[in-house]
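Look at the structure first, then read on.

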Amino acid sequence: MVVQLKNVLISDEVDPKCVQILQSNGIEVVQNVTLSKEQLIAEIPKYDGLIVRSATRVTADVINAGVNLKIIGRAGTGVDNIDADAATRRGIIVMNTPGGNTLSAAEHTCTLLIALTRNLGAASLSMKEGKWDRKKFMGTELFGKTLAIIGLGRIGKEVALRMQSFGMTTIGFDPLVSPAESATFNTEWLSLEEIWPRADYITLHTPLIPQTKNLINDDVFAKCKKGIRIVNCARGGIIDEDALLRALESGQCAAAGLDVFLEEPPKDYTLVKHPNVIATPHLGASTIEAQSRVAEEIAQQFVDLVQGKCLFGA
Ligand code: NAD
Ligand code: MLT
């Protein structure tokens, strides 16, 4: 399929490589990262293509206003900020860059797992307050502990391989990954019911879909070992945040590492401020390397579309 793309609007911060690749292939580019929703709706009819990262909400009214839109691209993995159903109804292609930020997200997950096991956030804050509190911050070793990985796709697999180097046993669940495939990266495939009582740590790597909304809830915390530690570097909403707060307060959950939140930025910072929570503002893909890769990949896919080449993603 060859698609004519005269011009593309980039409405979020995307690495400059994206503009360079599009322009060097004869596609006009306007980058404007300050558009309000109303301004975007007013501007979008002029463009054949739209590229976003996370800030722009590509809602049905934006899509319906885009009378010339042929393709919407996300320089990232999830396409949660694009109304893909509205785009499909209008015959608009929605693309992402699966894999471009996998390693960065996996490394950030490992960073959170390590940080929360040694109380790094709270210990660092305490020292900045001029304290020398060695007793308060007794940690645990990762060695010999069991890490449960929910979602054994690209990021889940990379997390497994990295945390095994600390001597962790990895177990996991994924409805689309077979036990045989999971075994190729030394991860024992188990049902969720088998996982909860065995895990010392849980890390989440699924999309946010109806089946994973509030996957981690009061019932699940009750089935886990006392002192379970959990990391969410996937999507806010996979953990029921109220249930997590209750589990932290009761001690059922010893610590949580959170990169993603139900609302971003959160309106209520109670969970973030909990002493046993280490939190980052959705930084999983925020590395120079990942941003360069996703910018290049999304631009190349637009160019491939113009040249009638095969597409991948979303
Ligand atoms: P992926 O598609 O490679 O893997 C996701 C896996 O989840 C798939 O294998 C799928 O079968 C599995 N899954 C679906 N439903 C499930 C369920 N009910 N239970 C268990 N597993 C289930 O995706 P990925 O690239 O590994 O990304 C994983 C998540 O991380 C996505 O939500 C993505 O948006 C998010 N992400 C976040 C950041 C960040 O900045 N924090 C960066 C990149 C990706
Ligand atoms: C993604 O889905 O790729 C992530 O949320 C990372 C991001 O774009 O910041």
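This is a predicted model. In it, α1 passes α13 in a right-handed crossing. On the α1 side, the contact uses K17, C18, I21 and L22. On the α13 side, it uses S292, A295, E296, I298, A299, Q300, F302 and V303. By class, this contact between α1 and α13 has 8 nonpolar, 2 polar and 2 charged residues.

| Helix pair | Angle between axes | Axis distance |
|---|---|---|
| α1 (residues 17–24) and α13 (residues 288–306) | about 20 degrees | 8 Å apart |
| α5 (residues 102–117) and α7 (residues 154–164) | roughly 50 degrees | within 9 Å |

Angles under 35 degrees count as roughly parallel. At about 20 degrees, α1 is therefore roughly parallel to α13.

How do α5 and α7 lie to each other? Their axes cross at roughly 50 degrees, so the two helices are oblique. α5 passes α7 in a right-handed crossing. From α5, the contact takes T102, L103, A105, A106, T109, C110 and L113. From α7 come R154, I155, E158, V159, R162 and M163. The contact of α5 with α7 divides into 8 nonpolar, 2 polar and 3 charged residues.

Now the ligand site. Which residues are around ligand 2? They are R53, S54, G76, T77, G78, N101, H282, G284 and A285. By class, this shell has 7 polar, 1 nonpolar and 1 charged residues.

Note on methods
Residues are numbered from 1 along each chain as its sequence is written. Chains are lettered from A and ligands numbered from 1 in the order in which they are written. This is a predicted model: local features need pLDDT of at least 70, side-chain atom pairs count only at pLDDT 80 or more; totals for chains, interfaces and linings use all residues. A residue is near a molecule or strand if its C-beta atom, placed from the backbone, lies within 6 Å of it. Ala, Val, Leu, Ile, Met, Phe, Trp, Tyr, Cys and Pro count as nonpolar, Asp, Glu, Lys and Arg as charged, and the others, Gly among them, as polar. Axes are lines fitted to C-alpha atoms, for helices over the stretch in contact, and angles run from 0 to 180 degrees between N-to-C directions. Helices (H or I, at least four residues) and strands (E, at least two) are DSSP runs, numbered from the N terminus. Angles under 35 degrees count as roughly parallel, over 145 as roughly antiparallel, 65 to 115 as roughly perpendicular and the rest as oblique. A crossing is left-handed if the near helix is turned anticlockwise from the far one by less than a right angle, and right-handed if clockwise. Two residues are in contact if their C-beta atoms, placed from the backbone, lie within 7 Å.
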